[in-house]
Amino acid sequence: KPIKITLRPFKLCDVDDFMGWAGDNLVTQYCRWDTYTSRDDALDFLNQVIGSHPWYRAICVSDRPIGSIYVMPGIGKDQRRGEIGYAISAKYWGRGISTEAVKMATSCVFKELKCLERVEGLVFAENEASQRVLEKAGFLREGLLRKYFFVKGMSRDIVVYSM
Amino acid sequence: MEIALRPYQVSDVEDFMEWCDDEVVRLSRLRHFTSREDAVSYLKETVIPHPWYRAICLDNRPIGFISITPGSGDERCRGRITYALGSKYWGQGITTVAVKKVISTVFEEFPSMQRLETIVDVDNKRSQRVLEKSGFLKEGVLRKYVIFKGNIYDVIMYSLLSTLT
């Protein structure tokens, strides 16, 4: 049975819900950012996002955040290219939520960020679940970029997808 | 035919303006230099301060350039290679010689670099051949990846991995 999700901007009072996925090593293992270990760091981050991120949304079930999704355009001549990222609380995995959120985000973001021509996802090669999310959401797999990022002490192979 | 790589100097300005012809400008991110002063500024502000930028020299005269731009932060394991050669020298294998010279030492010069990459317009077959002959692997086509002189282009991503552990 599909769960109904909504996307909305974050509020500072979402910080404890935010820690529910951003503070979980299981969720962040394939993210390029580090697990949040302090509520203060999470508050600083949400403050920054609320103030200045071009497109960052909470993925909500019954209006409570259970994950996040963003599209980050590049700078200068790369602003036509946006990178999509998403994370949801482990207890909501396996229910098509990320796929639904990605579909909603991509349909919104091309209208809201007028410059955007390309949305890409850069997924760790080991993260098959996330690759399936993008495939189900209609992204095209373009290739494997070897040793593309250096994250958490190691170089990482990345699969690149685009819409 | 003696091909050598060396840093640029301001005194190379005339040779620089000469090889940077219409064909090169059409395909690369270089632009036409409207005057000697314009080209001197470019050498002083962009070329000379660059982390690694070399003249491709034929019999000691610059006829092109090749550069390596190392990444930083979570991109520190990679570097980007770019190059251009005066069009009257195309088709003789010169760029391939220059690329092979660079890749023979780049991973020692940049120890944290594990990946050397570049993107090439899907229609630029010459440049694709240079990379393939130099041992780069074609990883995929990235659609609508770059904007260049007002148009959006698909590009091919190529990479070469360091064999140093």
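**A look at the salt bridges**

A: Let's start in chain B, where Asp15(B) and Arg61(B) form a salt bridge, with their closest N and O atoms 2.6 Å apart. This pair ties together distant parts of the chain: Asp15(B) belongs to helix 1 (residues 13-19) of chain B, while Arg61(B) belongs to strand 3 (residues 61-70) of chain B, 46 residues apart. Asp15(B) has 18% relative accessibility, so it counts as buried, as the cut-off for that is under 20%. Arg61(B), on the other hand, is partly exposed, with a relative accessible area of 45%. Keep in mind that this is a predicted model.

Now hop over to chain A. Here Glu142(A) pairs up with Arg118(A) in a salt bridge whose closest N and O atoms are 2.7 Å apart. Again, distant parts of the chain are linked: Glu142(A) lies in strand 6 (residues 140-151) of chain A and Arg118(A) in strand 5 (residues 118-124) of chain A, 24 residues apart. Glu142(A) is buried, at 8% relative accessibility, and Arg118(A) is buried too, with a relative accessible area of 1%.

Chain A has another pair to look at: the side chains of Arg81(A) and Asp78(A) meet in a salt bridge, at 3.6 Å from N to O. Arg81(A) counts as buried at 15% relative accessibility, whereas Asp78(A), at 32%, is partly exposed.

Salt bridges can also join up into a network. One such network links Arg146(A) with Glu75(B), Arg78(B), Arg115(B), Glu117(B) and Glu139(B). Over all chains, the structure holds 24 salt bridges.

So what does the chain around those chain A pairs look like? Chain A has 5 helices and 7 strands, which run β-α-α-α-β-β-β-α-β-α-β-β from the N terminus on. Its radius of gyration is 15 Å, close to the 15 Å that the globule rule gives for 163 residues, so chain A is as compact as a globular protein of that length. The C-alpha trace of chain A spans about 40 × 40 × 35 Å along its principal axes.

Buried residues make up 48% of the 163 residues in chain A. Of the contacts in chain A between residues at least 6 apart in sequence, 60% join residues at least 24 apart. As for charge, chain A carries 24 positive and 20 negative charges, and their mean positions are 5 Å apart.

Methods. Residues numbered from 1 in each chain as written. Chains lettered and ligands numbered in written order. Predicted model: local features only at pLDDT ≥ 70, side-chain atom pairs only at ≥ 80, totals over all residues. Heavy atoms only, no water. Helix = DSSP H or I, 4+ residues; strand = E, 2+ residues; numbered from the N terminus. Rg over C-alpha atoms; globule rule 2.2 N^0.38 Å. Buried < 20%, exposed > 50% of the residue type's maximum accessible area, 1.4 Å probe, protein only. Contact = heavy atoms within 4.5 Å. Lys, Arg positive; Asp, Glu negative; His and termini not counted. Charge placed at Lys NZ, Arg CZ, Asp CG, Glu CD. Salt bridge = Lys/Arg side-chain N within 4 Å of Asp/Glu carboxyl O.
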